[in-house]
Amino acid sequence: MKFNVLNVYTLFSLALVASHAVNPDVYWKSVLPNSPMPKAIKELVQTTEWSEDKNTAVGVGEDGVAVHTGKPGKQTDVSVGYGYGLSPFNYNYAASEDQLKDNPNVAFFFLENDLHRGTEMKTHFIKDDQKATFLPRQVAESIPFSSNKLPQIYNEFSIKSDSVEAQDMKQTLSECENKGIEGEERYCATSLESMVDFSTSKLGKNVKAISTEVNAKESTPLQKYTIEGAKKLAADKAVVCHKQNYAYAVFYCHKTVNTRAYSVSLVGADGTKAKAVTVCHTDTSKWNPKHLAFQVLKVKPGSVPVCHFLPEDHVVWVPY
C-alpha cells in the first residue's frame, strides 16, 4: 500500500502532541471503571503507549487514509474504508426513489412490533475491514475539523479535492455541522475521550456502551435472518454514536429521547449468529418526510415506532 506522509511540520507537531497524550484506553478505565469497552471501540483504540520515544505519522494511500504508530521499522497500519451518500442515521436525510433500489441500508429498518421470536427478515452486516483508529484527544484537537478549513485539511492529508476521499470527508464535516432536528442534542466526537465525555454528560457515569457483534470474519451476504429473542436495554433515553467516514475515527453522537434500545439475537440462513443492537424511535414526527425509513416501510412520520439495527462499528450508550 502506498502512502503520502504528511508534511514535515505537521508530522513533527503531531508527534510532539502525542508524546504528552494520555492513552484513550487509560482514559476509558479512569472514567468508566465498571463498564467494559465494547468490541467496536476496542478495535479502534491504539494499544501503543504514547511516549517520546515513539513516532506518529498520518498518511493517505490509494485505499484510504491511515494512521501509523510505533517505532521506525515497526508500524501498525490502519486504513479507512469509504462509503457513499448521506447517512440514513441522520434524521434530516432524504432518500430518492432511485437510492431505494440499491441502498444496502434498506434492510436495516423495520417496525417495533416485528421484534419477537420467529420473525424473519432479510438483512446483512457489512464489516469495515479498513478501520481508522482513534487519535488521542490532544492530537485530534490539534488538527482542523471544520468545513471552512477544508483546503488546509486536504493539504495536510495530501488529499486531492476532487477525490472520493475528499468528498466523503466533506460530507462528514457537513453532517457534523448540521443543526439537526428540533430538540436533538448532537455532537461529533473526534476522539474516544470526547465521546466518553459527551455520553456521560448526557446520561451520567453509570452507563454502559454496547455494539453489535456478528460471529463472522467477513461481511455477511444479504440473507434471511430469524429473531431468536429480543432483550430491552433501555427505555426513553440513550446516546447513539455512528461511525463516520474520515481520516481517523470520528463518531456522530446524538442523545435520543422517546427511544427504546434492544439487544436482538439473530441467526442467518447460513448459520451466522449475531447480537444486533437495535434502536427503536417512538417519535419520528420531526424527521424528514422523505427519510429512507419511511419510504422503505411505507409509513408516515410520527405514525409508528421505527427501528433499525446498528452496524458493528456503531455504539449505543445506555444508563444502568
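1. First, the ground rules. This is a predicted model, in which local features need pLDDT of at least 70 and side-chain atom pairs count only at pLDDT 80 or more, while totals for chains, interfaces and linings use all residues. Residues are numbered from 1 along each chain as its sequence is written, and side-chain values use heavy atoms, with hydrogens and water left out.

2. Do have a look at helix H2, residues 24-31. Helices (H or I, at least four residues) and strands (E, at least two) are DSSP runs, numbered from the N terminus. Pro 24, Tyr 27, Trp 28 and Val 31 are the buried residues of H2; buried means under 20% relative accessible area and exposed over 50%, with partly exposed in between (1.4 Å probe, protein chains only). Viewed down the axis, these buried residues fall within an arc of 100 degrees, so they line one face of H2; the arc is that of the directions from the helix axis to the C-beta atoms.

3. On the face of H2 turned away from the buried side sit the exposed residues Lys 29 and Ser 30.

4. What covers the buried side of H2? The cover of its buried residues includes helices H3, H5 and H8 and strands E8 and E14. Val 196, in helix H8, counts as buried at 0% relative accessibility. Leaving aside neighbours within four places in sequence, Val 196 is in contact (heavy atoms within 4.5 Å) with Tyr 27, Trp 28, Val 31, Leu 32 and Trp 317.

5. Three disulfides (cysteine sulfur atoms within 2.5 Å) turn up in the whole structure. Cys 176 and Cys 188 are joined with an S to S distance of 2.0 Å, and their link is left-handed, at -85 degrees about the S-S bond. Cys 176 belongs to helix H7 and Cys 188 to strand E7.

6. The disulfide of Cys 241 and Cys 253 has a torsion of about 115 degrees, so it is right-handed. The link of Cys 280 and Cys 307 is right-handed too, with 105 degrees about the S-S bond.
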